[in-house]
Amino acid sequence: MITLPVTLITACILGLLFIWLCIYVINGRVKNEALIGDAGNTDMLFRIRTHANFTEYVPIFLILLALLELHGGNRIALIVIAAVFVIARVLHILGMGEDANLKPRQIGIVGSFTGIIASSLYGLYLVIA
């Protein structure tokens, strides 16, 4: 049986963050009376974009992580890459908002890029080597 424990744990953590972001957007919709779109409200725009940004980056990372794990990538390396990515996504969330400190957001996006780039390069290495 093929198992992907690093990918599974990472996907579970990111899945819970995704649900938290869904609730965050829903609460904003109630608070700002914005049933569709952002209703011209900056708070809603930040909530929606935080959620959307998460859904834009997480799937490609999880696909890469699973493929690396299937291809026999080093478990410790995969755990480190996954941890960097998860921490980066949390920092990005913390850095979003009209009054938020931009530094966590900047570190978060750099960390997200790092996770995807590292996964991509490691995958190329595994195939070529």
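**View 1. Packing of helix 4 against helix 2 and helix 3 in a predicted model.** The buried residues of helix 4 pack against helix 2 (42-70) and helix 3 (75-94). Those buried residues are P104, G108, G111, S112, G115, I116, S119, Y122, G123 and L126. An α-helix has 3.6 residues a turn, so residues three or four places apart point the same way.

**View 2. Length and start of helix 4.** Helix 4 covers residues 102-128, 27 residues in total. At 1.5 Å a residue, helix 4 should span 39 Å. Its end C-alpha atoms lie 39 Å apart, so the model agrees with that expectation. At the start of the helix, N101 makes a contact through its side chain. A side-chain oxygen of N101 comes to within 2.9 Å of the backbone nitrogen of K103.

**View 3. A nonpolar patch on the surface.** F113, I117, L121, L124, V127 and I128 make up the patch. Together they have about 650 Å² of accessible area. F113 belongs to helix 4. Its relative accessibility is 42%, so F113 counts as partly exposed.

**View 4. The salt bridge between K31 and D43.** The closest N and O atoms of this pair are 3.7 Å apart. K31 is exposed, with a relative accessible area of 58%. D43 has 22% relative accessibility and counts as partly exposed.

**View 5. The salt bridge between D43 and R47.** Here the closest N and O atoms are 2.9 Å apart. Both residues lie in helix 2. They are four residues apart, about one turn of the helix. R47 has a relative accessible area of 10%; buried means under 20%, so R47 is buried.

**View 6. The salt bridge between R49 and E56.** A search of the whole structure finds three salt bridges. In the one shown here, the closest N and O atoms of R49 and E56 are 3.2 Å apart. R49 counts as partly exposed at 32% relative accessibility. E56 is also partly exposed, with a relative accessible area of 45%. Elsewhere, salt bridges that share partners join K31, D43 and R47 into one network.

Terms used. Residues numbered from 1 in each chain as written. Predicted model: local features only at pLDDT ≥ 70, side-chain atom pairs only at ≥ 80, totals over all residues. Heavy atoms only, no water. Helix = DSSP H or I, 4+ residues; strand = E, 2+ residues; numbered from the N terminus. Expected span 1.5 Å × (residues − 1). Buried < 20%, exposed > 50% of the residue type's maximum accessible area, 1.4 Å probe, protein only. Contact = heavy atoms within 4.5 Å. Polar contact = N/O pair within 3.5 Å; in protein donor to acceptor, adjacent residues only side chain to side chain. Patch = residues over 30% accessible without salt bridge, like charges linked within 9 Å, V, L, I, M, F, W, Y side chains within 5 Å. Areas by Shrake-Rupley, 256 points an atom, 1.4 Å probe, with all protein chains shown as cover. Salt bridge = Lys/Arg side-chain N within 4 Å of Asp/Glu carboxyl O.
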